[in-house]
Amino acid sequence: MPAVSTEVKELYLCTSLGDLNKKAEIKADKTSTRSYVQSACKIFKAAEECRLDRDEEKAYVLYMKYLTVYDIIKKRPDFKQQQDYYLTMLGPNSFKKAIEEAEKLSESLKLSGDYASLNMPEGKKIQLKPKKGNG
């Protein structure tokens, strides 16, 4: 595992949060739910590594990708049939942590030089708590 960096990396990917959000977009396809779950786990791990390496832009994009894939997974019929199984694979706290870290990184990026005057697009608001099923 790489050593934890103490300084935030210079901005290099984009010039706005909107551009970073575009990099996080994923189109749903006929990939199996299990493959999506495995990909989500890899994306989350990569996001954590980038965060520890103080690469805020890349970490933000990866957390947003994770949240996008998580949303795709939740909409799948087999997820609804085996919700406990898939949630166990995804990890009990990963969703909440991804939201928290994405929000922190968003605020930090807004305060940094190139992103200072830009805000998160209206359509990209994040739901803080996962919906619980009735029953």
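How many disulfides does the chain hold? I looked this up first in the predicted model, and the count comes to zero disulfides. For my own reference, a disulfide is a covalent bond between the sulfur atoms of two cysteines. Cys-41 has a relative accessible area of 29%, so I put it down as partly exposed. Cys-50 has a relative accessible area of 11% and is therefore buried.

**Entry: the chain as a whole**

I counted six helices and zero strands. Following the sequence, I wrote the pattern as α-α-α-α-α-α. The chain has 135 residues, and 35% of them count as buried. I also looked at contacts with a separation of 6 or more, and 77% of these are between residues 24 or more positions apart.

**Entry: the core**

Which residues have the most contacts inside the largest nonpolar core? I noted Tyr-63, Tyr-66, Leu-67, Ile-73 and Leu-90, in a core of 27 residues. Two or more residues come from each of α2 (33-52), α3 (56-74), α5 (83-90) and α6 (94-111). Helix α3 gives the largest share, 11 residues.

I took Leu-90 as one example. Leaving out residues up to four places away in sequence, Leu-90 touches Val-37, Ala-40, Cys-41, Tyr-66, Tyr-70 and Ile-73.

**Entry: helix α3**

I looked at α3 on its own next. It has 19 residues, and its first and last C-alpha are 27 Å apart. That is close to the 27 Å expected at 1.5 Å a residue. Why do I call α3 largely enclosed by the rest of the structure? Because 15 of its 19 residues are buried.

**Entry: aromatic rings**

I counted six aromatic pairs. One of them is Phe-44 with Tyr-66, with ring centres 5.2 Å apart and planes at 55 degrees, which I recorded as tilted. Phe-44 belongs to helix α2 and Tyr-66 to helix α3, and the two are 22 residues apart, so I wrote that the pair links distant parts of the chain. Both Phe-44 and Tyr-66 are buried. Ring pairs also join Phe-44, Tyr-63, Tyr-66, Tyr-70 and Phe-95 into a cluster.

**Entry: Asp-55**

Where is Asp-55 found? I located Asp-55 in the loop between α2 and α3. Is Asp-55 buried or exposed? Its relative accessibility is 5%, and the cut-off for buried is under 20%, so Asp-55 counts as buried. I also found a polar atom of the Asp-55 side chain 3.3 Å from the backbone nitrogen of Lys-58.

**Entry: Thr-33**

Thr-33 is buried, because its relative accessible area is 1%. Which residues does Thr-33 touch, not counting residues up to four places away in sequence? I listed Ile-73, Arg-76, Asp-78 and Tyr-86. With Asp-78, the side chain of Thr-33 makes a polar contact of 2.6 Å. Ile-73 is 40 residues from Thr-33 in sequence, yet their C-alpha atoms are 6.2 Å apart in space. I noted again that Ile-73 is among the residues with the most contacts inside the largest nonpolar core.

Technical notes. Residues numbered from 1 in each chain as written. Predicted model: local features only at pLDDT ≥ 70, side-chain atom pairs only at ≥ 80, totals over all residues. Heavy atoms only, no water. Core = buried A, V, L, I, M, F, W, Y, C linked by side-chain atoms within 4.5 Å. Buried < 20%, exposed > 50% of the residue type's maximum accessible area, 1.4 Å probe, protein only. Helix = DSSP H or I, 4+ residues; strand = E, 2+ residues; numbered from the N terminus. Contact = heavy atoms within 4.5 Å. Expected span 1.5 Å × (residues − 1). Phe/Tyr/Trp six-rings, centres within 6.5 Å; stacked < 30°, edge-to-face > 60°. Polar contact = N/O pair within 3.5 Å; in protein donor to acceptor, adjacent residues only side chain to side chain. Disulfide = S-S within 2.5 Å.
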